[in-house]
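Dear colleague,

Please find the structure below, handed over for your study.

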Amino acid sequence: MTPTLIYFDFLCPYAWRGVELADLLRREHGLMFELRHFSLVQGNHPENAQSRHQPVWWLTDQAPQEGSAAQVGSLEAFLADQAAARQGEEKRWAFALALFRAVHRDKAELSAQTIQAAAQTAGLDMGQFQTDLAEDGARRAELRTDLAAAAEQGVFGTPTFVLPERHAAYFRFANLVSPGKALETWQLYVSVLESDARIETIKRAKRA
């Protein structure tokens, strides 16, 4: 069975809500999802304004501690997530959710300290985690693969879901989806994407 891909960035609260929904669906309803990285810092970088599908500026080319706090934090988080993935799918999901919750629920700074705490919360083997994280070149290469695939797919925001049939769309969540509504919400989303109506945009009007 081909999984649905979910592109996310730890900087994004909407991505957190999307990953929480995907986790509910995979655990409670047996749906398959695969976590993938998309960098909002890279996507919104001025050097990539005219070349979203063929980026000029790559997050993976930046030196450690180089650039803005968002750039530094997101790169460290992505590399740590790749290291967590070396311990298996379930540990990787546990780490991603722990880090998302720390940053967006508990309002912690996306920092090395928060990343280490999330790894411990997720129950990672910390020795292996540090060893895998130290293999910086390998982790950056894995991240580069995700970022290149996201560019090719046309991802511009998070979370973006890519269905097995290759339908893909950004889904902005105002709130966390309750467990009782998870499947209904997902089925509605999928039906819109697969509809022959080819709906491009739905955006709520806002009162002044």
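In this predicted model, β2 gives the second largest pocket the largest share of its lining, four residues. A pocket is an open set of points on a 1 Å grid over the protein atoms alone where a 1.4 Å probe fits, with protein on both sides within 12 Å along at least five of seven lines, and lining residues have an atom within 4 Å of a point. Strands (E, at least two residues) and helices (H or I, at least four) are DSSP runs, numbered from the N terminus. At least two lining residues come from each of β2 (33-37), α3 (69-85) and α4 (89-105). The second largest pocket holds about 270 Å³ of space, a volume being the space filled by probe spheres set on the points, which are joined across faces, edges and corners. It has 15 lining residues, with Phe-33, Glu-34, Leu-35, Glu-89 and Arg-92 the closest to its centre.

The largest pocket has a volume of about 1600 Å³. Its lining consists of 34 residues, and Tyr-170, Phe-171, Arg-172, Ile-202 and Lys-203 lie nearest its centre. Two or more lining residues come from β4 (168-170) and from α8 (182-194); the largest share, six residues, belongs to α8.

Residues are numbered from 1 along each chain as its sequence is written, and side-chain values use heavy atoms, without hydrogens and water. As the model is predicted, local features need pLDDT of at least 70 and side-chain atom pairs count only at pLDDT 80 or more, while totals for chains, interfaces and linings use all residues.

Yours sincerely
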